[in-house]
Every structure is written in structure tokens, then in C-alpha cells.
Amino acid sequence: MKKLIIVVAMLFPFSGHAEQILFHCNFDRYADANEQRFQEQDFSFKVLLEIDGSSVKASIIGDIASPLVIRFGELGHFNFVEVTGVGNLNITTIMANGKAVHSRHIVMSESKSMFSQYYGTCLPK
């Protein structure tokens, strides 16, 4: 984790106070468990990184601002895990080149679920 914070610090120089980086994520393709093929999709959200020294917090900006668990990969990528109020998971990975994948793991009832994966980009603005 410390390695990527250093990478983030080099990419986004800090002044003496907390910094905010807003990623605009746009996904134009997806696949789900039922279709098992790629389809065009128009889906987007924003991820806010708040960096204060060695502390990094992340949240999805939308109708409900959700706190995220953030993990940094050794290859310059970010992994965000969102646990919803009912215990479902959404996982987003942003690679160093801006390519991104967003996976939804949603259980709606004992017999109904939705598993899907979205492909696109997340770029800092």
C-alpha cells in the first residue's frame, strides 16, 4: 500500500494539506451471468480519493456517497471494494493506464441475483 501512495504522490503532488482527486469512471461495455457476452452499456460514476499524508480514503459519489475499502496493487493499480447496506459487493479496479473494470455481486433474494462486470475507464479530472 505504501508503494502506491508514493506513486499517487508523484502523480498528484501535494501541498501541505489534504488533497482530493476525483476519478470520472465511464463504462461502455458489460457482461452478465445470463447473457455471457459483451453488450454496449452507458454506465458511469465518480470515485473521490482523499489523501492526507499517508492516509487515503475513497468514496463513490452518486445518489448515496458510499465509503470504500481501498487497496493498492504493486503494479500501480487501485482496488476499491464497496459493501452495500444489505451486504452486497461492488468491486472496482483502476489500472495505471486508466482502464477499469467494475464488478457487481448482488443478491436480491434467495432465488434472485445479479452478477455483472463493466469495462471502461476511470480518469482523474
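**A close look at one part**

Tutor: Apart from neighbours up to four places away in sequence, the residues that Thr-93 touches are His-77, Phe-78, Asn-79, Lys-99, Ala-100 and Val-101, where a contact means heavy atoms within 4.5 Å. The model is predicted, so local features need pLDDT of at least 70 and side-chain atom pairs pLDDT 80 or more, while totals for chains, interfaces and linings use all residues. Residues are numbered from 1 along each chain as its sequence is written, and side-chain values use heavy atoms, without hydrogens or water.

Thr-93 itself belongs to strand S6, which covers residues 89-94 (strands are DSSP runs of E, at least two residues, numbered from the N terminus). Its relative accessibility is 17%, and Thr-93 is therefore classed as buried (under 20% relative accessible area, with exposed over 50% and partly exposed in between, for a 1.4 Å probe and protein chains only). Of the residues that Thr-93 touches, Asn-79 is also joined to it by a polar contact between the two side chains, at 2.7 Å (a pair of N or O atoms within 3.5 Å; within protein, one able to donate a hydrogen and the other to accept it, with residues adjacent in sequence counting only if both atoms are side-chain atoms).

With a relative accessible area of 3%, His-102 is buried. The side chain of His-102 makes a polar contact of 2.6 Å with that of Thr-92, and Thr-92 is one of the residues that His-102 touches beyond four places in sequence, a list that continues with Phe-27, Phe-43, Phe-45, Asn-90, Ile-91, Ser-116, Gln-117 and Tyr-118. Val-81 is 21 residues from His-102 in sequence, with the C-alpha atoms 9.8 Å apart.

S7 leads on to strand S8 through a hairpin of five residues, and the two strands pair in the antiparallel sense over nine bridges (pairing requires that DSSP finds at least two bridges). Within this pairing Ala-100, one of the residues touched by Thr-93, stands opposite Gly-120 in S8.

S8 runs over residues 113-124 and includes Phe-115. Because its relative accessibility is 37%, Phe-115 is counted as partly exposed. Phe-115 touches Arg-104, His-105, Ile-106 and Val-107, and also Asp-32 and Ala-33, again setting aside residues up to four places away in sequence. Between Phe-115 and Ala-33 there are 82 residues of sequence separation, yet the C-alpha atoms lie 5.9 Å apart.

S8 also pairs with S1, in the antiparallel sense and over nine bridges, and here the bridge partner of Cys-25 is Cys-122 in S8. Since Cys-25 lies in strand S1 and Cys-122 in strand S8, the pair ties together parts that are 97 residues apart in sequence. The torsion about the S-S bond of Cys-25 and Cys-122 is about 120 degrees, so this disulfide is right-handed. Both cysteines, Cys-25 and Cys-122, are buried, and a search of the whole structure finds one disulfide.

Conventions: Helix = DSSP H or I, 4+ residues; strand = E, 2+ residues; numbered from the N terminus. Disulfide = S-S within 2.5 Å.
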